[in-house]
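Colleague: I am new to this structure. Could you show me how to read its strands and its cores?

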Amino acid sequence: MRGKGILLLLTFLQLQLHAQQHIVRNYSVQEGLQQSEVAGMVQDESGNLWLATLGGGLCKFNGLDFDCLTERHGLLSNAVTQILRDQRGLIWVAIEEGVCSFNGEQFSCFELEDICPGCSVLCLEELQSGKIVLGTEKGLLQIAGQRIQIAEDALQGIYVRSVMQDDEGQIWIGTNEGIMRFDGRQLSRIELVDGVATGSVMDLLQATDRSIWFGSANGIFRDQGSGFERQSVPYRLASSDLISQMKDLSILSIFEDSNQNIWFGTSGIGVIKWTKSEGSYEIISRLEGLSNNYIYGVFEDREKQIWLCSSGSGIEKLLPSFQYLSEKDGLVSDLIYALEIDSEGRILIGSIQGGFSVVEAGRIRNYTTKDGLIHRTVRCIFRDSQERIWVGTEVGVALFEEGKFVDFSEQLNVKGNAVYAITEDAEQNLWFTVKGEKFLDAGPGGIRKWSSDSLVSYHTAQGLASNYVHTVLADAQGRMWFGTEDGLSLLVNDSFRNYDKSSGLCNKRIYALAEDSLGNIWIGTGSGLSLLTDEGVVCLNDGHFVESEPVYLIKKVGQSLFAGTANGLVELHLPSFYQNQPRHRRYQSAEGFKGLECNQNAVVVDTAGSIWFGTIKGAYVFHPQKAKAAQSAPKIQIADVKLFNESLGIIPQSQADVVSADAVEFESDENSISFEFQGVSHVNPESITYNTFLENFDEDWSPASNRNIATYTNLPPGNFRFNVVACDKYGHCSPTTSSFSFLIAKPFHTTWWFRLFSIAALLAVGTYLYKRRIKTLLKQEQQNAAIERRISDLRLEALRAQMNPHFIFNSLNSVQRFILANDSDQAARYLGLFSRLIRLILDSSFSSLVTLQQELDTMELYLRLEDFRFQNKFEFHLEVDPDIDTYHTKVPPLVFQPYLENAIWHGLMPLKEKGSIHVRINQVEDTLHCVIEDNGIGRRQSEESKSKDQKRHQSRGMSMNKKRLEIMNELKAFTGISVRIIDLVDDQLRAKGTRVELRMPVTYS
């Protein structure tokens, strides 16, 4: 056994000497956690993490604050050893004496003493049926309704450390002496393939691929269908504390993440990760950034972040986007100024006052001046098309070949100069940028263009903006760009075109250059990011992404542009930028980029697609795919509602995206209400902002703010609904709002019931007098209405009596004229027509309405009489819409006659030529339109040309007709009659006649 242990130890110690540091964020007592030992965690629908602590009770964590529930809230004990969230959303916690469930408001607890004296809960599990089972020293128990009972008899008398049900329904049980399986009828022990003793089995897991895992004091075991085999995990030889605890190695928990990777919490070496895609194990311990090597459990939240529950250090969140290498991993300096990758995939690192390093498979090999490096400060590293590695230092350039350095400084005329950047053009010429002569320790500076047989230098004398050149870019068109201390220089045909602030640059000091797929040049300056296109240069410091800060490096990777600044790393999504909807992310300490200040041109992409950045705190490795996986909109919930700053205890218990069905009612003077709310996101909780909107009060949503309290004072009576939404700094907003509906009642003296009561009281006091008065007034009103109607009828009859004699008088005058002229034939003929007309008039005299046909017959007889009397002085035309039912359509009698008379006497008679009258009647919808149009001299000329007799005699037909129609309207006998008289004129505004338009409703008999 001893020999096997040594062999196992040696197998475990075969590990890389150095590994990348993981970025870990720790939350413990200093951050508000009640107690630093956390046995496990779950997450609720609102995104809150619930932690089982071994002395602080059950604690809720929303990303910013901890809120712990203890014995004073109904928990049996503050020492919580297990935690589980079941299918219904209930949170179950186990303590030594029993188990409790929490529904969001209160605990329901079950003690073991009655059913299993002396037992303690060692594990807690939910079966597929939803049944909760408990593992104890004496067997398996289960929750049945409101009590604990013993499970199947076959599962009693065993020391149950862990329980798991597989997809076939079989129950696997980890005991203190191995693993067992229950198929529903029989319990059987599982033997291992190699016969190795398992010890206590602390946890069990069936993975997505159906393989079974368990962890024990003797390591990790896996069954892929042919029996359990112990897994060989490589251990690190670089940590004395790991070696001292290897004899106590124990697996405490097993967890599978969303990528089907398996995580193992251990009792001494941190956490072990088995990566499914690679089939390999990785240890993450204090060497890689953890605060503690004793890990109770592992959990993945809904944002795909991995959390570790530790013994003594609270909880730790692994920030997957970044890892890093620093002096603690074996680098000779943290000031990383140069990065490159060689043809074999090795990462080459240059540092300030540290030298040159090669990273291969986690191993670091450092080179200093003792190894032939010409200076300990390395400014740049470049791999050319011939796979040669060029190293620019503070005093020149060296070629790195097969672990040795060859000084090329004199050959390139850069001896004593700091070389800041190196690149190669399409013709395989190498370009070297050099620090300028204005610095005391520098040579002539400028640019060197070198091929195997020639060397050309460029300085300010040839038009270069400055001899201090920071960076160089060979674009897709073969042009050479140089970023200098005094602007941007473009070399074309051995002459320079320069750009400075007057050209649109943010700053004349140029640190970095990059070209995107559209051929546009991105420029990192001393105070922001600039962009050069065919249209010119524009400074992008108007709130886009980098503000007015130095940009030291730029790198295009895929559709993203990375800009390294003095305050973190910014990733810009290029397609969205060119669509005028720019999306960007800034990576800082909270996201794992703790180096913050990037260094000039120190960026490279490795063979796995990860991006390396040089910072003042080491070399940081960015994993883009892991960063994208950790993007999720925050959850929003209303945490409290307060009235005059006093909590009401009416927090909506529904989830954040559900609106309470019934509005909470407040009195009229309870009108100062505050809402506290919380957006839950564990990616970057400090960056969450809120927008609020109170319906029926606010005009629009509030601007984004990180304040999580909204207060409304002096609210008026009415119905309201408060809404809040949370967003993170990347623009991901909660998909639904959290809402709270409430009602503020009206003051009692303004309510409808109070007004109704007041009116009823007044009515009760004066009911008797009011009723008597009403009867009296009603009787008097009826009498007055009858009298008024009779008076109006008499007025109408009097007008008709006036109008008919008026017409008869005019007609008899005409007969008299024929008799006086001794024209008996004409008189007889005229009297015949006149008698027919009189008959029609008499027939209509006793009716308020006649048929349109009767009125047309009367009108035609009248016109014929007048035409006959005036010896064909005029002609007339009657046009009636054939669709009109003239025999059933009713009109007032003689309604047209006054206007015809007026047209003949005052319009046509003064004419020297023959006149004409046109009468047109048609129906538009429910209105009868009648137009009487003549070609007479018009009203104005008629008034001026009246004889004395005419002036003495005033025609009363039209005025009487007008009064008649007004009375009919008053009596509602025939309403809606309108008359319009229009003077007709020609193009020279000379009178050419008169038009009368009558409109009346269509009335049928």
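Modeller: We will go through strands, hairpins and nonpolar cores in turn. This is a predicted model, where local features need pLDDT of at least 70, side-chain atom pairs count only at pLDDT 80 or more, and totals for chains, interfaces and linings use all residues. Residues are numbered from 1 along each chain as its sequence is written, and side-chain values use heavy atoms, with hydrogens and water left out.

Colleague: How many residues of strand E42 are buried?

Modeller: Start with the terms. Helices (H or I, at least four residues) and strands (E, at least two) are DSSP runs, numbered from the N terminus. Buried means under 20% relative accessible area, exposed over 50%, and partly exposed in between (1.4 Å probe, protein chains only). Now the case: 5 of the 5 residues of E42 (residues 480-484) are buried, so E42 is largely enclosed by the rest of the structure. Met480, Phe482 and Thr484 point one way. Trp481 and Gly483 point the other way.

Colleague: Which strands does E42 pair with?

Modeller: Two strands pair if DSSP finds at least two bridges between them. E41 (residues 469-474) runs antiparallel to E42, joined by 5 bridges. Thr471 sits opposite Gly483 there. E43 (residues 487-492) is also antiparallel to E42, again with 5 bridges. In E43, Ser489 is the bridge partner of Phe482.

Colleague: How many residues lie between the strands of each hairpin?

Modeller: The hairpin of E41 and E42 has 5, and Gly478 takes a positive phi near 85° in that hairpin. The hairpin of E42 and E43 has 2.

Colleague: What stands opposite Leu643 in E57?

Modeller: Glu646 does. E57 (residues 646-647) runs antiparallel to E56 (residues 635-643), with 2 bridges. Their hairpin has 2 residues between the strands, and Phe644 takes a positive phi near 50°. E56 is also joined to E59 (residues 673-680) by 8 bridges, antiparallel. In E59, Leu643 has Ile673 as its bridge partner.

Colleague: Which residues touch the most other members of the largest nonpolar core?

Modeller: A nonpolar core is a set of buried Ala, Val, Leu, Ile, Met, Phe, Trp, Tyr and Cys residues joined through side-chain atoms within 4.5 Å. The largest one has 41 residues, and Phe896, Ile917, Ile921 and Ile932 touch the most other members. Elements that each supply at least two residues include helix H7 (824-845), helix H8 (852-869) and strand E67 (915-924). H8 gives the most, with 8 residues.

Colleague: Where is the second core?

Modeller: That core is separate and has 25 residues, including Val24, Met41, Phe255 and Phe299.
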